[in-house]
Amino acid sequence: MPDMPNSPDRARVRFPGISSRAYEHPLDRSALIALRSLSGFDVVLRKLSGLISERSIRLMYLGGTVRVSDGQFRNINDMVRDACYILDLPKVPELYVVQNPQPNAMAIGTDNPFIVLNTGLIDLLDDEELRYVIAHEVGHVLSGHAVYRQMALILTGLGSRLAWLPLGNVAIAAILIGLQEWQRKAELSADRAGLLASQDIDAVKRALMKIAGGSRLHEMSTEAFLAQAREYEETGDLRDGVLKFLNLMRQSHPFAVIRFAEIHKWHLSGEYQAILDGRYPRREDDSSASFTEEVKNTARTYKESWEQTSDPFVGKVRDVAGGAADLAGAVFDRLGRRGGTSPN
């Protein structure tokens with residue numbers, strides 16, 4: 001079989017003025033819209049996180065790693081510029097290659113975000129798979145995820161300082177659980193951005209399979225991996241459901257089989273094709289995005305997900321939540337009748 005070319009032999013659709021709302025998971029999108037709507041939030045957050053010096057971190061990478069350019073890792077440099085062109089990110093972030101066998105990549109910084117790519121990931125993936133990963137990180141930059149991730153770092157430090165207060169640490173821990181859930185959904189958003197820029201669902205799936213199982217792709221099957229994802233979702237009793245929930249709480253990213261199933265579903269949902277056809281929200285309209293509408297979209301997404309799942313633990317949570325909602329509605333109706341007002 002002849003060697004594959006380093007760059008694809010096809011044109012990819014570009015998305016002028018695309019808003020990150022086009023690809024963000026509903027929970028991620030509603031959280032970002034809420035935070036962006038707070039006047040001066042970014043300034044305050046940067047003040048609070050002043051001890052985390054973005055300039056210092058960048059200098060560390062500048063002095064100890066390889067900065068991608070036309071003269072170094074030119075192929076990767078073309079990929080990040082290409083991803084920014086397709087997603088219409090005005091400023092191309094710097095990208096640094098780090099000698100590290102762990103297959104990983106990340107976007108760092110708020111004022112001048114940059115991308116870090118481990119050599120383990122470069123060695124593991126082919127060019128089209130790597131193109132998706134780089135675009136995934138560009139998606140994080142376009143969404144501004146790095147700004148909001150600082151919240152988790154700040155709250156973690158704050159939790160240790162409030163440990164002496166009654167329930168102080170518990171309250172911070174509860175907020176952190178919510179932030180971690182948001183962060184996992186942010187990874188699903190970035191996966192969608194990666195697909196939009198690469199426009200190669202097979203490459204995305206191969207990359208996720210390799211991240212889960214290593215380089216021996218010939219020993220793996222997309223159909224079997226998708227079946228594995230379905231089994232993870234459906235199998236087990238209530239105890240297994242609780243264990244899956246507890247295992248996921250320790251993860252910054254969703255498990256690979258979950259990401260595989262989610263991007264497979266989104267690719268087939270019609271949303272992906274609509275964006276390719278030019279039907280997507282524009283950045284110029286971000287300021288008028290409704291937080292209330294996004295909360296409704298989030299609730300609708302979770303409701304649909306809960307109704308479709310076979311996980312027994314989620315089923316129990318759904319039943320309890322439904323019962324609580326019915327009880328709250330009954331109380332609200334009673335109070336409304338007592339006060340002589342209509343609940344409608």
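Here is a short chat about the predicted model shown above.

Visitor: Hi! What is the secondary structure of the protein chain made of?

Guide: Hello! This is a predicted model, and its protein chain has 15 helices and four strands.

Visitor: How much of the chain counts as buried?

Guide: Of its 344 residues, 41% count as buried. The chain exposes about 19,000 Å², and carbon and sulfur atoms supply 56% of that area.

Visitor: Okay, on to helices. At what angle do H4 and H6 pack?

Guide: Helix H4 (residues 74-86) and helix H6 (residues 127-143) pack at about 50°, and their axes are 9 Å apart. H4 is therefore oblique to H6.

Visitor: And is that crossing left-handed or right-handed?

Guide: H4 passes H6 in a right-handed crossing.

Visitor: Which residues make the contact?

Guide: On the H4 side they include Ile-76, Met-79 and Val-80, while Leu-130, Ile-134 and Val-138 are among those from H6. The contact residues of this pair divide into nine nonpolar, one polar and three charged.

Visitor: New pair! How do H9 and H12 cross?

Guide: Helix H9 (residues 201-213) and helix H12 (residues 256-268) cross at roughly 170°, with axes that come within 9 Å. That angle is over 145 degrees, so H9 is roughly antiparallel to H12.

Visitor: Which residues meet there?

Guide: Among them are Val-204, Leu-208 and Met-209 of H9, together with Phe-260, Ile-263 and His-264 of H12. The residues of this contact comprise eight nonpolar, two polar and two charged.

Visitor: Last one: what share of the contacts with a separation of 6 or more comes from residues 24 or more positions apart?

Guide: Such residues account for 73% of those contacts in the protein chain.

Conventions:
Residues numbered from 1 in each chain as written. Predicted model: local features only at pLDDT ≥ 70, side-chain atom pairs only at ≥ 80, totals over all residues. Heavy atoms only, no water. Axes fitted to C-alpha atoms, helices over the stretch in contact; angles between N-to-C directions. Helix = DSSP H or I, 4+ residues; strand = E, 2+ residues; numbered from the N terminus. Parallel < 35°, antiparallel > 145°, perpendicular 65-115°, else oblique. Left-handed = near helix turned anticlockwise from the far one by under 90°. Contact = heavy atoms within 4.5 Å. Nonpolar A, V, L, I, M, F, W, Y, C, P; charged D, E, K, R; others polar. Buried < 20%, exposed > 50% of the residue type's maximum accessible area, 1.4 Å probe, protein only. Areas by Shrake-Rupley, 256 points an atom, 1.4 Å probe, with all protein chains shown as cover.
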